[in-house]
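Please look at the sequence and the structure below, and then read the report that follows with both in view.

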Amino acid sequence: MTVEAAPLPQAGRLRSFVDFYATTMRTAVATQFQYRAANYFYMLGMVAEPVIYLVVWSAIARSNGGNVNGITAEGFAAYYIVWTLVRNMNIVFGAPFWEWRIREGQFSGQLLRPMHPIHFDIAYFAGWKFVVIILWIPIAVGLSLVFHPALSPSALEIAVFLVAIWGAYLLRTAVQETIGMLNFWTTRGAAVFDLYMASELLLSGRLVPLKLMPEWVQTLANFLPFKWTFGFPIESLVGNMSTQSLLLGLAAQALWIVGSFVVFRFAFRFAVRHYSAVGG
Amino acid sequence: MNAIRIGWLYLKVGVMNELQYRVNFFVQLLQSLIQVGTGLVMLSLVYSHTKELHGWSEAELLTLIGVQIVLGGVIHTFIQPNMERLLEDVQQGTLDYALTKPQDSQVLLSVRQVRMWQVVEMISGLILVIVGLTRLEQSIGPVDVLAFAFSLAVGAVLIYCFWLIVTTGAFWVVRMEHVLELFEGVYQTGRWPVGVYPGWLRYSVTFLVPVAFAVTVPAQALTSRLQLQTFLISVGFAVVLFTFTRWFWHFGLRRYSGASA
């Protein structure tokens, strides 16, 4: 089907965009604060995963005489506590939700708006992040008291980290939305999402710091998008990376973001052409 | 007896329902393969850096992971679908339909749903258990197997009780759907011997969320490290928890005022 929505007036285009983003983000903040308890349950459930990895690797580090491949128990603590924030930044409008959006007829309505639906996704989840970050602070303090992380970042590392977590957010959004386009052709996308999640788990630094992986896995990870949403932001803060590799990392992230959104644009165009409306 | 008959009837209907969606079998198969695959990768990573983890060798831990996956399969097939449905029913007011039926309400809401294809998860876990066992040096006798089967059943009862207690909380706090995530997260602690965890966490996953009893005890039975005392404590705990769960369910039910009528 073709869609002919009224184009935005050129003069106010930028302002409309800024307005739209600001309002959507404010709405997200207000809404999600209402559901603080639900958000907290969710976040606490997520903490279990890194705590398990952390405990297991710290135990191995101790039994190995203090470290595994140069990472001490305190180093693991730092890695996995920062992990919790990065994981939360990685929650985006996920691919499986496209199925819901299409099935429930939400998408038809969104197509009629003068703005691409992805802007809502980016803005809403970005706003939600502010709530998540505030709720995350007590969790981080609690985990730090229990596990004593070794963390002494420089000003540059902090600055790169703050950029990198938003880069991770944008990159994962682009990738997930692109995979979500599969839902226009099949209702069995779940298999593909699971493959994606498994690859991400192993190749991003989510399961273990990539340093612990065999050499060839590390090389492979450099050429895939996963590492730039997970391992790189964490390492930028805890990994004592050189200035050059910090900046190169940001550049790689930027490149992946632009590339993924270009792919998304094409995929979306094909998908909408294929779309036959549900509901309305 | 009546409870078993009703359970059996619902099971038959549930299986017939699921048989209509055969492609789900393959989706489930792929998901199980991924789950087992990532578990094996983590295992080989850990044991590429160490010889034993808190006294557990690689083969023993493989058995433990297998047990965790088997029990996960039981949860996903029988327990979780029913609890999810209950949460939804409380939110939407459709619980009235179940309550007005002339049967014990707890029995009814515990057997209504079955996700048969999750059986694949149980089988894949069982394969891991068997592979792990063949790699063990000591052999297992029929007593070990019996103790294993029995403690696994006790584990399932414990998890069921925990789930029902939490779900009953929906009578007070209506929005509980994130509890699912919380449980899935905590359940992953069962992949590792409970001794690895620091004290506070060990006690929470043993008594608060009885994952340790449910997973570690059966795995201990298979690896011949189960002590009679631990076994008896877990049985006793199950009896107490089940009695409490039943009381708590009726207590919560009195709070429920319905939302549909």
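## Helices of chain B

Chain B holds 11 helices and 0 strands, where helices (H or I, at least four residues) and strands (E, at least two) are DSSP runs numbered from the N terminus. Read from the N terminus on, the elements of chain B run α-α-α-α-α-α-α-α-α-α-α.

This is a predicted model, in which local features need pLDDT of at least 70 and side-chain atom pairs count only at pLDDT 80 or more, while totals for chains, interfaces and linings use all residues. Residues are numbered from 1 along each chain as its sequence is written, and chains are lettered from A and ligands numbered from 1 in the order in which they are written.

## Overall form

The C-alpha trace of chain B spans about 60 × 40 × 35 Å along its principal axes. A compact globule of 261 residues would have a radius of gyration near 18 Å, and the 19 Å of chain B agrees with this; the radius is taken over C-alpha atoms, and the globule rule is 2.2 Å times the number of residues to the power 0.38.

Of the 261 residues of chain B, 39% count as buried, meaning that 20 or more other C-beta atoms, placed from the backbone, lie within 10 Å of the residue's own.

## Where chain B touches chain A

The contact takes 29 residues from chain B and 27 residues from chain A, two residues being in contact if their C-beta atoms, placed from the backbone, lie within 7 Å. On the side of chain B that touches chain A, helix H2 (23-49) and helix H8 (179-187) of chain B are the elements that give two or more residues, and the largest share, 12 residues, comes from H2(B).

How values were computed. A residue is buried if 20 or more other C-beta atoms lie within 10 Å of its own, exposed if 12 or fewer, and partly exposed in between; C-beta atoms are placed from the backbone.
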